[in-house]
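Biologist: I am new to this structure. Please take one part of it and walk me through it closely.

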Amino acid sequence: MKKLLEAIKAFEAIEDDAECTAAVSQVLRQWPDLHAQLRELRQRRVQSLRNRQRKTWPEIAQIIGDVTPERAQQISKGLRGSKRPPKQGSDTEK
């Protein structure tokens, strides 16, 4: 989280308004893909916590923070919440 906040501060430090606007806009355009990458990374790490480190769902939920053990288990399966099913394939989605 610290690195992300440092990156945001780096954007804020760009003195030229046009340059800052262009840089932030580029990141925002890529955000859907970046968001998906972060979800997939979290899913893999949760699976590793469960399978390799033998953590319980309550332990994993505590590591994630502000989720229930049931939600931690859903994250490990790639479930994105009750309103959105897991992403099937990027080729057919676009």
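Modeller: Let us look at how helix 2 meets helix 4. Helix 2 spans residues 17-51 and helix 4 spans residues 69-76; the two pack at an angle of about 110°, with their axes 8 Å apart. Angles from 65 to 115 degrees count as roughly perpendicular, so helix 2 is roughly perpendicular to helix 4. Their crossing is left-handed. Keep in mind that this is a predicted model.

Now the residues that touch. Helix 2 brings Arg-42, Gln-43, Val-46 and Gln-47. Helix 4 meets them with Arg-71, Ala-72, Ile-75 and Ser-76. By class, this contact holds three nonpolar, three polar and two charged residues.

Stay with helix 4. Ala-72, Ile-75 and Ser-76 are buried there. Around the axis they cover an arc of only 100°, so they lie on the same side of helix 4. What covers these buried residues? The cover includes helix 2 and also helix 3, residues 57-64. Ala-72, Ile-75 and Ser-76 are also among the residues of helix 4 that meet helix 2.

Follow the chain onward. Just after helix 4 comes Gly-78, with a positive phi of about 80°.

One last stop lies elsewhere. Ile-8 sits in helix 1, which runs over residues 2-13. Ile-8 and Val-24 are 16 residues apart along the chain, and their C-alpha atoms are separated by 9.0 Å.

Key. Residues are numbered from 1 along each chain as its sequence is written. This is a predicted model: local features need pLDDT of at least 70, side-chain atom pairs count only at pLDDT 80 or more; totals for chains, interfaces and linings use all residues. Side-chain values use heavy atoms; hydrogens and water are left out. Axes are lines fitted to C-alpha atoms, for helices over the stretch in contact, and angles run from 0 to 180 degrees between N-to-C directions. Helices (H or I, at least four residues) and strands (E, at least two) are DSSP runs, numbered from the N terminus. Angles under 35 degrees count as roughly parallel, over 145 as roughly antiparallel, 65 to 115 as roughly perpendicular and the rest as oblique. A crossing is left-handed if the near helix is turned anticlockwise from the far one by less than a right angle, and right-handed if clockwise. Contact means heavy atoms within 4.5 Å. Ala, Val, Leu, Ile, Met, Phe, Trp, Tyr, Cys and Pro count as nonpolar, Asp, Glu, Lys and Arg as charged, and the others, Gly among them, as polar. Buried means under 20% relative accessible area, exposed over 50%, partly exposed in between (1.4 Å probe, protein chains only). The arc is that of the directions from the helix axis to the C-beta atoms.
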